[in-house]
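The following note sets out some points for discussion. Please read it alongside the entry shown here.

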Amino acid sequence: MAQYLMSVLFDAADLATEEEMAAIDVFNDKLRADGHWVFAGGLASPSTATVVDGRDGEPVFTDGPYLESKEFVAGFWIIDAPHLDVALRLAALGSKSCNRRVELRPILGE
């Protein structure tokens, strides 16, 4: 079974509404019940980010996101799916549940 990252894309600082959170909880419960759940989480605003660059000598810490953009990753799911078609179906359901666009990417295996 392959793993996929479903990134929730959003363009406002607003948190999910109570209705959206309830729909997300239902979706999460379905992922668990159907054996697709690995992990999920919401992310704080990009303004809380710190970019860490440890490539040369002492690490450099820079406040703020690494990329200024209108859209940002507001949360994510990591799911197990037997093939891409199932992952796409789950991404569509996730998008509907959180009322946001979702980017689906496979996680590289060994």
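1. Helices (H or I, at least four residues) and strands (E, at least two) are DSSP runs, numbered from the N terminus. The model is predicted: local features need pLDDT of at least 70, side-chain atom pairs count only at pLDDT 80 or more, and totals for chains, interfaces and linings use all residues. Residues are numbered from 1 along each chain as its sequence is written, and side-chain values use heavy atoms, with hydrogens and water left out.

2. Strand β5 (residues 72-81) is largely enclosed by the rest of the structure, because seven of its 10 residues are buried (under 20% relative accessible area, 1.4 Å probe, protein chains only).

3. Strand pairing requires at least two DSSP bridges between two strands. Nine bridges link β5 with strand β1 (residues 2-10) in the antiparallel sense; Phe10 has Phe72 of β5 as its bridge partner. Strand β2 (residues 37-42) also runs antiparallel to β5, joined by five bridges, and Ala40 is partnered with Trp77 of β5.

4. One cavity of 30 Å³ or more is counted, a cavity being a set of points on a 1 Å grid over the protein atoms alone where a 1.4 Å probe fits but cannot get out. The largest cavity holds about 30 Å³ of space, the volume being that filled by probe spheres set on the points.

5. Which helices each supply at least two residues of the lining of the largest cavity? They are α1 (18-33) and α2 (84-98). Lining residues, which have an atom within 4 Å of a point, include Phe27, Leu31, Arg89 and Leu93. The lining divides into four nonpolar, one polar and three charged residues.

Methods: Buried means under 20% relative accessible area, exposed over 50%, partly exposed in between (1.4 Å probe, protein chains only). On a 1 Å grid over the protein atoms alone, a cavity is a set of points where a 1.4 Å probe fits but cannot get out, and a pocket is an open set with protein on both sides within 12 Å along at least five of seven lines; lining residues have an atom within 4 Å of a point. Ala, Val, Leu, Ile, Met, Phe, Trp, Tyr, Cys and Pro count as nonpolar, Asp, Glu, Lys and Arg as charged, and the others, Gly among them, as polar.
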